[in-house]
Amino acid sequence: MRTILITGPGGSGRTTVAAATALAAARDGIRTLVLSADRTDTLGAALGATTGPAPTRVAPNLTAWRPDATAGFRDDLSAFQERAANVLDLLGASRLDAEEVTPLPGAEELTLLRALRDAALAEAHDLLVVDLPPTSQALALLALPEELRRYLRRLLPPERQAARALRPVLGRLAGVPMPSEWLYETAARWDTELGAVEAVLADRDTVVRLVAEPGPAGADAVRSAGLALALRGLRPDALVANRVLPEASGGWLSGLVAQQRKVLEEWQESYGIRPVSHLGRDPRGTDDLAALAVPGGLDVNDTTSTVEWPVVDRLADDGVLVWHIPLPGAIRDDLDLIRRGDELVVAAGQFRRIVPLPSALRRCTVDGAALREGELRIRFVPDPDLWPERP
């Protein structure tokens with residue numbers, strides 16, 4: 001199954017483009033599911049149909065789904081209270097009733113990730129189109145599975161889980177209670193679920209598609225999104241330039257046309273541009289969506305959004321290994337690197353990622369780094385205490 005993750009700055013029309021993309025694929029005979037996590041039914045407004053917590057068939061070959069974050073959060077909290085019943089009773093805690101539970105910030109994002117995983121595992125469709133939140137939230141969403149799994153492994157490392165029979169003995173020796181088995185079981189379940197989501201996001205059949213209106217604000221948003229995606233090891237398969245005005249526009253619109261033309265020319269140097277014309281009105285219903293003529297589901301994403309970070313062996317020539325990390329749009333003064341054990345903290349402006357070092361580099365020390373032609377190149381020198389001698 002192909003998956004298209006669609007995002008863009010707020011007000012760029014990303015939900016409309018997501019709906020139009022899904023409709024175009026469905027009309028080509030592709031079994032398509034379009035997924036959104038908006039609390040308000042903006043997806044349904046674009047499709048001219050009501051969407052909700054149950055998948056709904058809105059057109060031939062097209063199903064729409066807007067999962068309910070409140071219900072999901074309520075179910076998770078109820079399950080947690082059941083598992084932690086003994087601890088809660090010991091503390092004298094008062095249980096929360098389902099009726100008084102409201103979702104915390106971030107519940108929509110977690111619900112969307114779970115729905116994304118469930119849809120991918122179900123294999124009931126050929127194409128999954130996901131209407132992600134605005135770019136800044138979407139980038140945090142894409143990073144969430146990897147970061148949460150890292151937190152779980154640090155807080156509850158599975159390899160340090162003591163055998164169940166030894167827990168009482170170890171507890172008495174340590175003088176403190178040992179973590180309960182259910183805590184490790186819960187962490188393991190969460191790790192498995194997050195791993196499934198991470199696998200979908202990292203799959204070669206999953207692509208990210210940006211939507212932006214050509215203009216100064218759109219150019220800034222695309223530049224920022226491109227760098228943030230690169231730091232996640234991703235790149236857009238296409239950039240949908242939305243609401244493009246006709247060249248023949250005259251009067252006061254001629255200035256906007258010239259501004260759009262300039263931005264489009266800049267974008268064409270780095271992205272595969274798919275212009276979508278302005279209809280002169282807000283698109284509503286399937287007829288308007290079809291008139292947008294957006295790229296279909298499978299006609300442009302024949303390549304992957306995943307970008308490799310190769311390690312180049314230059315030991316014979318220069319005595320170093322070089323890790324190449326593509327970071328288009330990065331500024332040298334905004335870059336920061338920190339080595340922490342077997343991990344590397346890479347910061348580019350406001351964006352940051354903690355990545356595990358490839359196995360060969362864990363036996364090396366950092367010897368410097370340089371930013372050249374939009375690529376960060378980090379040099380590593382073998383540690384003689386850890387690196388086997390070559391014959």
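The model is predicted: local features need pLDDT of at least 70, side-chain atom pairs count only at pLDDT 80 or more, and totals for chains, interfaces and linings use all residues. Residues are numbered from 1 along each chain as its sequence is written, and side-chain values use heavy atoms, with hydrogens and water left out.

**Overall make-up**

- The protein has 12 helices and 15 strands. Both are DSSP runs, numbered from the N terminus: helices are H or I with at least four residues, strands are E with at least two.
- The protein has 391 residues, and 46% of them count as buried. Buried means under 20% relative accessible area, exposed means over 50%, and partly exposed lies in between (1.4 Å probe, protein chains only).
- The accessible surface comes to about 20400 Å². Carbon and sulfur atoms hold 53% of that surface. The areas come from the Shrake-Rupley method with a 1.4 Å probe; for residues, only the protein chains shown count as cover.
- Take the contacts with a separation of 6 or more: residues 24 or more positions apart account for 69% of them. A contact means heavy atoms within 4.5 Å.

**Nonpolar cores**

- A nonpolar core is a set of buried Ala, Val, Leu, Ile, Met, Phe, Trp, Tyr and Cys residues joined through side-chain atoms within 4.5 Å.
- The largest such core has 61 residues. W267, W323 and L327 have the most contacts inside it.
- Helix 9 (residues 216–231) gives the most to this core, with 8 residues.
- W267 touches A212, E213, P214, G218, A219, V222, L239, A241 and I273, leaving aside residues up to four places away in sequence.
- A second, separate core has 27 residues, including I4, V129, V276 and L289.

- T16 sits in helix 1 (residues 14–27).
- T16 is buried, with a relative accessible area of 16%.
- Not counting residues up to four places away in sequence, T16 touches A46, P283, L289 and L292. One of these, L289, belongs to the second core.

**Salt bridges**

- Side chains of opposite charge can pair when their charged atoms come close.
- The whole structure holds 20 salt bridges. Each is a side-chain nitrogen of Lys or Arg within 4 Å of a carboxyl oxygen of Asp or Glu.
- R2 pairs with D205, with the closest N and O atoms 3.5 Å apart. The two come from distant parts of the chain, 203 residues apart. R2 is in strand 1 (residues 2–7), and D205 is in the loop between helix 8 (181–202) and strand 6 (206–212).
- R2 is buried at 18% relative accessible area, whereas D205 is partly exposed at 32%.
- R232 pairs with E146, and their closest N and O atoms are 2.8 Å apart. R232 lies in the loop between helix 9 and strand 7 (236–244) and E146 in helix 6 (residues 135–155), so the pair ties together parts 86 residues apart in sequence.
- R232 is buried at 14% relative accessibility, and E146 is buried at 18%.
- D237 pairs with R209, the closest N and O atoms being 3.0 Å apart. D237 is in strand 7 and R209 in strand 6, 28 residues apart. Both residues, D237 and R209, are buried.
- A network of salt bridges links R149, R153, D191 and E198.
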